[in-house]
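Open your viewer and keep the selection panel within reach. We will go from stop to stop, picking a few residues each time and looking at what surrounds them.

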Amino acid sequence: MAAWRWAVASGLVPPADAGSGEWSRAVVQAADAEAVRAALRGPAGASWAAERLTEALGAPLPYGRPHVTASAVGHLVRAGLLAYLGGEPAFPDVHPDQAAALARRRDLPALLDRHVPLGPDQAARRLGVRRTDFDQVVRLGWIAPTGTVQIDYKRQGGVTTVPLYSGQDIALLPVTRPSVDWYALRTLAPGRRSPLAALDPVDPAQGDTVFLAEVTRMTGVGRAAVQSWRRRHADFPAPVAGTDVHPRFERSAVVSWLLAHDKITLPTGVPAATLVLWSDEEGERRFRLDDPRLEMADDANDEDRLSGWMSDADTDALAVLAATDTDTDASVRRLTAPATPPLAVPGRVQVVERYHSGSGALRVTLAWPAGLRGTSARGTTGGQIRHVVPQDAPSSMCWCALPACGGLVPTAHCAEHSRADVLAMEWHPAEGVRCTHLARPTAP
């Protein structure tokens, strides 16, 4: 009846026709249930709120953050982030406007880590590793359950007790365990033995302690800075073992202190690279690579390699653009990756590897000759592409930024802006080949 009154008040039908049975059936079939619920400001189910929060987190990453579940909404209610409006406490009803406001918060990923525990499968996905690797993390004593939940699998074995782990502790593992090669662990092929199986668990008698050297690796600062923190802050954890020269500190106490003083933060997202490819047959296409890894060769005769997580559809499109059996080569118009200058490659970009890791995510690897690599940044020392790998001999290609040049200059002379006896390109041992027109005016 409340929905009926809302429909009339909203002007969907004149009040005189509100009793028409034919009209009522049409309205019921055409009405958006979620819009009606929001307009009435009534309670929304936990599943509805979970879907809104999952949408707010963005497109699902190949690995990283699991979907928000209805039980996670219950934890957010108990944390005071949402008001309880009835229903089962584990899967409560909430106010739709309040859930929408929470979804708009920029710190939503951090809030989920702090207040929503994860089961073993969810924890493995949050780390981007296989479930067997996460089981090794538990065996090593690096993380312990904070609670349990009873799940009825019905035909699959009945009621089972599932341990729950702190989302914050899981998210911090790559920070607090810097000695682990997390990249190798996340890209481990299916069926391979976990590298963590060879490690010894934490000795309960000695405790989980760290030297100052490991604290510097957690924070990315020098040893002198950590020593300064010890002197300046009276609440810095006291040593629990070791010597005066090489003290050892309880790891959990150090991590808590670093978090409280903003020396480390929760890794709430996976870095991403933007890759723009071009081919004459397919045109331009933009791709996103999550958790990119760019390996740049020192030798111009070697290959650069770029790998990252992608969706199956994007990987198929990428393989078409960079196919090796076509007459034209794909080129990188622009690659923007964390901690690197914008890169460009004028051709011969190929997909050399694509495989599903043990965690089920798809990882793709591209390669190109290192001698073709350049930066797409303009400047006085080069054009749209300035070679950044020293070469053994002058190259025959230069990407000139002069519009009349038309892009690649295939010879050492360019009729567009230089005479036949004046080189359009010159050799720079430290910077590669560049177009001389960009550095100084050419002779008429």
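Let us begin with a single side chain: does F236 count as buried or exposed, and at what relative accessibility? F236 counts as buried because its relative accessibility is 9%, where buried means under 20% relative accessible area, exposed over 50% and partly exposed in between, with a 1.4 Å probe and protein chains only.

Before moving on, note that this is a predicted model, in which local features need pLDDT of at least 70, side-chain atom pairs count only at pLDDT 80 or more, and totals for chains, interfaces and linings use all residues. Residues are numbered from 1 along each chain as its sequence is written, and side-chain values use heavy atoms, with hydrogens and water left out.

**Stop 1**

Rings of Phe, Tyr and Trp (its six-membered ring) pair if their centres lie within 6.5 Å; planes under 30 degrees apart count as stacked, over 60 as edge-to-face and the rest as tilted. By this rule the count comes to 4 aromatic pairs. For W229 and W257, the ring centres are 6.0 Å apart and the planes stand at 40°, so this pair is tilted. W229 sits in helix α13 (residues 223–232) and W257 in helix α14 (residues 251–260), so to speak two distant parts of the chain, 28 residues apart. Both W229 and W257 are buried. Now turn to F236 and W257: with centres 4.8 Å apart and planes at 65°, the pair is edge-to-face. F236 belongs to the loop between α13 and β6, 21 residues from W257. Helices (H or I, at least four residues) and strands (E, at least two) are DSSP runs, numbered from the N terminus.

**Stop 2**

Two strands pair if DSSP finds at least two bridges between them.

Then show T216 in helix α12. T216 counts as buried, at 12% relative accessibility. Its side chain reaches the backbone oxygen of A213 at 2.4 Å. Leaving aside residues up to four places away in sequence, T216 touches V221, G222, R223 and V226, where contact means heavy atoms within 4.5 Å.

**Stop 2: strand β10**

Select residues 303–309, strand β10, where 5 of the 7 residues are buried. What runs beside β10? Strand β9 (residues 283–295) is joined to β10 by 4 bridges, antiparallel, with L294 opposite L306. β13 (residues 362–369) also pairs with β10 in the antiparallel sense, over 7 bridges, and A367 in β13 is the bridge partner of R305.

**Last stop: helix α5**

Finish at residues 70–78, helix α5, where A70, A72, V73, G74, L76 and V77 are buried. These buried residues pack against α4 (46–56), β2 (91–92), α6 (96–103) and α7 (108–115). After α5 comes G80, whose phi is positive, near 85°.

How values were computed: A polar contact is a pair of N or O atoms within 3.5 Å; within protein, one must be able to donate a hydrogen and the other to accept it, and residues adjacent in sequence count only if both atoms are side-chain atoms.
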